[in-house]
Amino acid sequence: PLFMDFALLTNGRRLRNLFFEMLNQGIHPDIVFFNTILCNLCKEGRVMEARRLIDLMVCLGVEPDVISYNTLIDGHCLAGRIDEAAKLLDGMALVGLKPDNFSYDTLLNGFCKAGKIDNAYCIFREMLRKGVTPGVVTYNTILHGLFRTGRFSEAKELYLNMIKSGK
């Protein structure tokens, strides 16, 4: 019950009180606990608080994982902070994490929604260079972005490449 209450919190003071109550009871928050809070903060548009939570996690010896970073990337994209989201993707390697399809797809979607298809294409090429195999979501996201910006010949070329690769 304590965990469920925590996951539903939106008030910072209640969150802190509950967090310290957990520590006092010998309950040590794990990565799942923190990722749940990160997700809620990002959905509420509180990405800066979510970034501070990452710092707290590290201080408490809980290392952020790919899901933590993906959540923050998505939060920044939702808040229109696409460049910050891109920095987070780059920062994953610095802490020993390898971005996955979801990491790239989230950032691609953010760039495409912001009308920055050239940036999305750069991320797509980086993804390929780093050996991350694009999935259907990846291709759909890029194709949609190309169509929205009137780049039909590039969309056709990408579509044909996608068919050749068996996607």
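Contact here means heavy atoms within 4.5 Å. The model is predicted.

View 1. From the N terminus on, the order reads α-α-α-α-α-α-α-α-α-α. The C-alpha trace spans about 60 × 25 × 25 Å along its principal axes. The chain has 167 residues, and 43% of them count as buried. Among contacts with a separation of 6 or more, 54% join residues 24 or more positions apart. Charged side chains number 20 positive and 18 negative. The centres of these two sets lie 5 Å apart.

**View 2. Y104 is a buried residue of helix α7.** Helix α7 covers residues 101-113 and contains Y104. Y104 has 0% relative accessibility, so Y104 counts as buried. Beyond its neighbours within four places in sequence, Y104 is in contact with L89, P99, I123, E126, M127, K130 and V132. V47 sits 57 residues from Y104 along the chain. The C-alpha atoms of Y104 and V47 are separated by 19 Å.

**View 3. E84 forms salt bridges with R51 and with K87.** The closest N and O atoms of E84 and R51 are 3.2 Å apart. E84 lies in helix α6 (residues 82-94) and R51 in helix α4 (residues 47-59), so this pair ties together parts that are 33 residues apart in sequence. E84 is partly exposed, at 23% relative accessibility. R51 is also partly exposed, with a relative accessible area of 28%. The E84 to K87 bridge has an N to O distance of 3.4 Å. E84 and K87 are three residues apart in helix α6, so about one helical turn separates them. K87 counts as exposed, at 52% relative accessibility.

**View 4. E154 and R151 meet in a salt bridge.** Their N to O distance is 2.7 Å. E154 is partly exposed, at 27% relative accessibility. Elsewhere, salt bridges with shared partners join E44, R46 and E49 into one network. The structure holds seven salt bridges.

**View 5. Y159, L160 and I163 make a nonpolar surface patch.** The patch has an area of about 280 Å². Y159 belongs to helix α10, which covers residues 152-164. At 41% relative accessibility, Y159 counts as partly exposed.

Definitions and conventions. Residues are numbered from 1 along each chain as its sequence is written. This is a predicted model: local features need pLDDT of at least 70, side-chain atom pairs count only at pLDDT 80 or more; totals for chains, interfaces and linings use all residues. Side-chain values use heavy atoms; hydrogens and water are left out. Patches are made of residues with over 30% relative accessible area and no salt bridge: like charges are joined within 9 Å, nonpolar side chains (Val, Leu, Ile, Met, Phe, Trp, Tyr) within 5 Å. Accessible areas come from the Shrake-Rupley method with a 1.4 Å probe; for residues, only the protein chains shown count as cover. A salt bridge is a side-chain nitrogen of Lys or Arg within 4 Å of a carboxyl oxygen of Asp or Glu. Helices (H or I, at least four residues) and strands (E, at least two) are DSSP runs, numbered from the N terminus. Buried means under 20% relative accessible area, exposed over 50%, partly exposed in between (1.4 Å probe, protein chains only). Lys and Arg count as positive and Asp and Glu as negative; His and the chain ends are not counted. The place of a charge is taken as NZ of Lys, CZ of Arg, CG of Asp or CD of Glu.
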